[in-house]
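User: Please take me through this structure. I will ask about particular parts as we go.

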Amino acid sequence: MKNDLRARREAKGWTQARLADALDVSRQTVNALETGRYDPSLPLAFRIAALFDTSIEHIFTPDQQPVQSA
Amino acid sequence: MTSSLDTRSAGDRRRTRAYLVEFAIGMVAYVALLGLALAFAPAAAPGPARWLLALAPAIAIGWVAVAVVRHLRRIDERQRLQTLEGLSIGFVVAMLSAVALGLLEPFGLSVIGGPWWIYGAGMLAWLATSLVQRVR
C-alpha cells in the first residue's frame, strides 16, 4: 500500500517524532509507515486520516487496483 | 529536519523508561532472592521451606514476565507485532530444544544444566529475531 504521509507531515512542518506523539505510536512506526514497510491497522489509519482532516483513501492507495468483476 | 534521523518521540521515551524501570525491579529482586536462596537453601532442612527458598528467585522472574506483558500493552501495534513474532520464534526454538534434550535422556546422553540450555536457546532465538527485524 502506498501513502503520502511524508508529504503531508512535511507540509505541516512536523517531525516524525511529533507525528508519532500525535498518533501515540513510536517514531520508528511513523518511519515504517512513510517508507511503506508497514501497513497500518484500520483504527490507526482512521486516526491518521482524522489528524490530517481527510479520508483514509486520500492518504492510502493500494499498490494494485482491485480487479473489477464483469 | 523532518527525516528518519529524528530522535525518539516523547511517547517512545516514556514507554521505554517504564519498561526499563519495571524490568530493573525484576532483575534486582532476582539477584536479591537468588542470594537469599544460595545463602539459606543449602542449610535448610529438607522440606517445604527448602523448596520455597530454592524457588524464591522464580517470583522475580514472574514479575519480569509481567513487565514484558505490560510493555506489550504499552507499545504500538507494529512494535507489538514484531515483539510477538520474536516471542513466538523463541517459544518454538525453546520447545524444540526441550524435545531434543528429552530425546537424548533415554540414551544416557543427558546434558548438564539442560533447562538452562532450553532457556538460552529460546532467548537467543528471540534476540536473533529482533536483530533481523531491525535490519529488515
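Analyst: A definition is needed before anything else: a residue is buried under 20% relative accessible area, exposed over 50% and partly exposed in between, using a 1.4 Å probe and protein chains only.

User: Understood. What are the ground rules for the model?

Analyst: This is a predicted model, in which local features need pLDDT of at least 70 and side-chain atom pairs count only at pLDDT 80 or more, while totals for chains, interfaces and linings use all residues. Residues are numbered from 1 along each chain as its sequence is written, chains are lettered from A and ligands numbered from 1 in the order in which they are written, and side-chain values use heavy atoms, with hydrogens and water left out.

User: How many helices and strands are there in chain A?

Analyst: Chain A has 5 helices and 2 strands, in the order β-α-α-α-α-α-β from the N terminus. These elements are DSSP runs numbered from the N terminus: helices are H or I with at least four residues, and strands are E with at least two.

User: And the overall dimensions of chain A?

Analyst: Along the principal axes, its C-alpha atoms fill a box of roughly 45 × 25 × 20 Å. Of the 70 residues in chain A, 39% are buried. Contact means heavy atoms within 4.5 Å; among the contacts in chain A between residues at least 6 apart in sequence, 54% join residues at least 24 apart.

User: Which residues of α2(A) are buried?

Analyst: They are Q16(A), A17(A), L19(A), A20(A) and L23(A). Seen down the axis of α2(A), these buried residues fall within an arc of 160°, so they line one face of the helix. The arc is taken from the directions that run from the helix axis to the C-beta atoms.

User: What do the buried residues of α2(A) pack against?

Analyst: Their partners are α1 (5-11), α3 (27-34) and α4 of chain A.

User: Let us take α4(A). At what angle do α2(A) and α4(A) cross?

Analyst: The axes of α2 (residues 16-23) and α4 (residues 42-51) of chain A come within 10 Å and cross at roughly 115°. Axes here are lines fitted to C-alpha atoms, for helices over the stretch in contact, and angles run from 0 to 180 degrees between N-to-C directions. α2(A) and α4(A) are therefore roughly perpendicular to each other. On this scale, angles under 35 degrees are roughly parallel, over 145 roughly antiparallel, 65 to 115 roughly perpendicular and the rest oblique.

User: Which residues make the contact of α2(A) with α4(A)?

Analyst: α2(A) supplies L19(A), A22(A) and L23(A), and α4(A) supplies L44(A), R47(A), I48(A) and L51(A). By class, that is 6 nonpolar, no polar and 1 charged residues. Ala, Val, Leu, Ile, Met, Phe, Trp, Tyr, Cys and Pro count as nonpolar, Asp, Glu, Lys and Arg as charged, and the others, Gly among them, as polar.

User: What follows α2(A)?

Analyst: D24(A) does, with a positive phi near 60°. Most residues other than glycine have a negative phi. D24(A) is not a glycine; it lies in the loop between α2 and α3 of chain A and counts as partly exposed at 47% relative accessibility.

User: Now D53(A): buried or exposed?

Analyst: D53(A) is exposed, with a relative accessible area of 72%. Its phi is positive, about 55°, although it is not a glycine. D53(A) sits in the loop between α4 and α5 (56-59) of chain A.

User: Back to α3(A). How many of its residues are buried?

Analyst: 7 of its 8 residues are buried, so α3(A) is mostly covered. The buried residues pack against β1 (2-3), α1, α2 and α4 of chain A, together with α1 and α3 of chain B. α3(A) is followed by G36(A), whose phi is positive, near 75°.

User: And chain B: what is D12(B) in contact with?

Analyst: Leaving aside neighbours within four places in sequence, D12(B) contacts V25(A), S26(A), R27(A) and Q28(A). D12(B) belongs to helix α1 (residues 10-40) of chain B and is buried, at 4% relative accessibility. R27(A) is among the buried residues of α3(A).
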